[in-house]
Amino acid sequence: MNPITEDDIANYLANTPDFFERHAQLLAEVQLTSPHGQRAVSLQERQAEMLREKIKALEHRIMDMVRHGTENVVTADRLQRWTLSLLTWRDLRGLPWEIIKGLHQQFMVPQTAIKLWDLDPAYAAEGYTQGVSDDVKALATSLTTPYIGLNAGFEATAWLNEPQQAQSLALIPLRTAADAPAFGLLVLASPDPQRYNAEMGTDFLERIAQLASAALSRLRA
């Protein structure tokens with residue numbers, strides 16, 4: 001016969017719930033090692049310690065949820081103020097500069113830049129239409145969602161005032177519809193390598209892209 005293993009015992013106890021009803025004295029006699037030292041504790045005390053640990057873990061999760069909820073409210077308020085500024089801005093020629101200025105001020109983005117193309121010829125001489133290569137246009141169109149991560153030497157960082165300080169980036173394509181080619185690219189940059197990292201979600205940045213694209217569509221032919 002094969003010797004009885006610990007798994008056999010565990011399976012027996014799991015499938016025989018009335019075992020401890022017939023041997024209730026074992027619950028008081030079992031001694032376990034405390035995780036907080038080498039002293040022996042009763043089964044009931046060990047269960048109480050496990051329960052306290054679970055409660056503490058739940059408290060931490062609740063605190064994280066409250067903190068994230070507060071941060072989301074603050075972000076939503078900032079997004080609303082930025083959106084209102086786009087809705088009330090009357091100088092279409094200066095609208096692209098207002099967009100990146102608002103992102104810099106409302107969301108404390110260290111560096112921002114924007115370039116646009118395929119606009120009405122009336123805006124052909126503006127700075128935000130200059131110096132855009134075909135490679136950048138192709139990259140913007142290829143992005144189905146914003147790129148977030150380390151600066152891998154992207155050409156678009158040259159648009160920033162201090163490109164050497166851009167350690168992490170968010171590259172946000174601007175388009176009139178999800179399946180339309182991009183007509184612009186927003187660049188958000190930070191000296192902090194973790195400010196924009198690959199683990200972040202893109203929902204918030206996609207909302208920024210949609211709002212900025214809708215506002216800037218008025219500059220197109």
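This is a predicted model: local features need pLDDT of at least 70, side-chain atom pairs count only at pLDDT 80 or more; totals for chains, interfaces and linings use all residues.
Helices here are DSSP runs of H or I with at least four residues, strands are DSSP runs of E with at least two, and both are numbered from the N terminus. Residues are numbered from 1 along each chain as its sequence is written, and side-chain values use heavy atoms, with hydrogens and water left out.

Q: In what pattern do helices and strands follow each other along the sequence?
A: The protein has 7 helices and 6 strands.

Q: What percentage of the residues in the protein is buried?
A: "Buried" means under 20% relative accessible area, "exposed" means over 50%, and "partly exposed" is in between (1.4 Å probe, protein chains only). The protein has 221 residues, and the buried share of them comes to 34%.

Q: In what order do the strands of the open sheet stand?
A: Strands count as paired if DSSP finds at least two bridges between them. β3 and β4 (147-150) stand at the edges with a single partner strand each, so one side of each is left without a neighbour in the sheet. The 4 strands pair in the antiparallel sense, and their order is β3-β6-β5-β4.

Q: How many bridges join β5 and β6?
A: β5 covers residues 168-174 and β6 covers residues 184-190. Leu174 stands opposite Gly184 in β6. The two strands pair in the antiparallel sense, and the bridges number 7.

Q: Which residue stands opposite Leu185 in β6?
A: On this side the partner strand is β3, which runs antiparallel to β6 and is joined to it by 6 bridges. Opposite Leu185 in β6 you'll find Lys115.

Q: How many residues of β6 are buried?
A: In a regular strand the side chains alternate between the two faces of the sheet. In β6, Gly184, Leu186, Leu188 and Ser190 point one way, Leu185, Val187 and Ala189 point the other way, and all are buried. The strand is mostly covered, and its buried count is 7 of 7.

Q: Within what arc do the buried residues of α7 fall?
A: Helix α7 (residues 203-216) has 14 residues and reaches 20 Å from its first C-alpha to its last, close to the 20 Å expected at 1.5 Å a residue (the expected span is 1.5 Å times one less than the number of residues). Its buried residues are Leu205, Ile208, Ala209, Ala212, Ser213, Ala215 and Leu216. The arc is taken from the directions that run from the helix axis to the C-beta atoms. Seen down the axis of α7, the buried residues line one face of the helix, because they fall within an arc of 160 degrees.

Q: Which exposed residues does α7 carry on the face turned away from its buried side?
A: This is the other face of α7, turned away from the buried side. The exposed residues there are Asp203, Arg207 and Gln210.

Q: How far apart are the C-alpha atoms of Ala215 and Pro96?
A: Ala215 has its place in helix α7 and is buried, with a relative accessible area of 8%. Along the chain, Ala215 and Pro96 are 119 residues apart.

Q: How many aromatic pairs does a search of the whole structure find?
A: Rings of Phe, Tyr and Trp (its six-membered ring) pair if their centres lie within 6.5 Å; planes under 30 degrees apart count as stacked, over 60 as edge-to-face and the rest as tilted. The search of the whole structure gives an aromatic pair count of 4.

Q: How are the rings of Tyr12 and Phe19 arranged?
A: Tyr12 is partly exposed, with a relative accessible area of 42%, whereas Phe19 is buried at 17%. Their ring centres are 6.0 Å apart and their planes lie at 80 degrees, so the arrangement is edge-to-face.

Q: How many residues apart are Trp97 and Tyr128?
A: The rings of Trp97 and Tyr128 have their centres 5.2 Å apart and their planes at 65 degrees, so this pair is edge-to-face. Trp97 is in helix α5 (residues 95-106) and Tyr128 in the loop between β3 (111-116) and α6 (134-142), and this link between distant parts of the chain joins residues whose separation is 31 residues.

Q: What is the phi of Met108?
A: Most residues other than glycine have a negative phi. Met108, in the loop between α5 and β3, has a positive value, near 55 degrees.
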